[in-house]
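Hi everyone, thanks for coming. Please have a look at the sequence and the structure on the screen, and then we'll walk through a few spots together.

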Amino acid sequence: MPTTVNSSASTVWEGDLASGSGRTTVASGAFATVDVSWRSRAEGAGGQTTPEELIAAAHASCYSMALSHELAGKGTPPTRVETSATVAFVAGEGITGIALTVEAAVPGISQEDFLAVAEAAKVGCPVSAALASV
């Protein structure tokens, strides 16, 4: 039976939405506590993260893992996979889209085969599945 791994994070928010702010911490301690604010989220103000940026990080890392796994399963393991994720947010509407950009070094694979494996990785990526509505 597979082991269930629970990943967790917490955010403490102080104040109202527009003028308040928060700090998000991941339970693993893998990265420092990060500041979040509505201004960063709605206006793109720098220096603080957003829930969407955290989703983008999760999606990029998950997809890179899934693609690497799919490629190795086809007998063409990659030497490098770089995935960038962009999550679009519109205040009042929510997340309106997610775009992935992938570059990979994969010896011995054609462009056509790579595209087919990349689509399979999209299906096999748990974060992609969780975000399929956008």
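Let's begin with a question: which residue forms a salt bridge with Glu43? The partner is Arg39, and the closest N and O atoms of the two are 3.2 Å apart. Keep in mind as we go that this is a predicted model. Glu43 and Arg39 both sit in helix H1, four residues apart, which means about one helical turn separates them. Both Glu43 and Arg39 are exposed.

The structure holds four salt bridges, so let me show you two others.

In one of them, Glu52 pairs with Arg41, with the closest N and O atoms 2.6 Å apart. Is Glu52 buried or exposed? Glu52 has a relative accessible area of 4%, so Glu52 is buried. Arg41, at 29% relative accessibility, counts as partly exposed.

In another, Arg23 meets Asp35, and again the closest N and O atoms are given as 2.6 Å apart. Arg23 comes from strand E2 and Asp35 from strand E3, so the pair links parts 12 residues apart in sequence. Arg23 is partly exposed at 46% relative accessible area, and Asp35 is partly exposed too, at 30%.

Back to helix H1 for a moment, which covers residues 38-43 and includes Ser40. Ser40 has a relative accessibility of 5%, so Ser40 counts as buried. The side chain of Ser40 makes a polar contact of 3.2 Å with the side chain of Gln48. Beyond its close sequence neighbours, Ser40 also touches other residues, among them Ala45 and Thr50.

Now, helix H3. Which residues of H3 are buried? They are Phe114, Val117, Ala118 and Ala121. These four cover an arc of only 110 degrees around the axis, so they lie on the same side of H3. Over on the other side, Glu112 and Val123 are exposed. And what do the buried residues of H3 pack against? They pack against helix H2 and strand E5.

That brings us to the strands. E5 runs antiparallel to strand E4, and 11 bridges join the two. One example is Glu82, whose bridge partner in E5 is Glu103. E4 and E5 form a hairpin with three residues between them, and in the turn Gly92 has a positive phi of about 90 degrees.

Notes: Residues are numbered from 1 along each chain as its sequence is written. This is a predicted model: local features need pLDDT of at least 70, side-chain atom pairs count only at pLDDT 80 or more; totals for chains, interfaces and linings use all residues. Side-chain values use heavy atoms; hydrogens and water are left out. Buried means under 20% relative accessible area, exposed over 50%, partly exposed in between (1.4 Å probe, protein chains only). A polar contact is a pair of N or O atoms within 3.5 Å; within protein, one must be able to donate a hydrogen and the other to accept it, and residues adjacent in sequence count only if both atoms are side-chain atoms. Contact means heavy atoms within 4.5 Å. The arc is that of the directions from the helix axis to the C-beta atoms. Two strands pair if DSSP finds at least two bridges between them. A salt bridge is a side-chain nitrogen of Lys or Arg within 4 Å of a carboxyl oxygen of Asp or Glu. Lists of a residue's contacts leave out its neighbours within four places in sequence.
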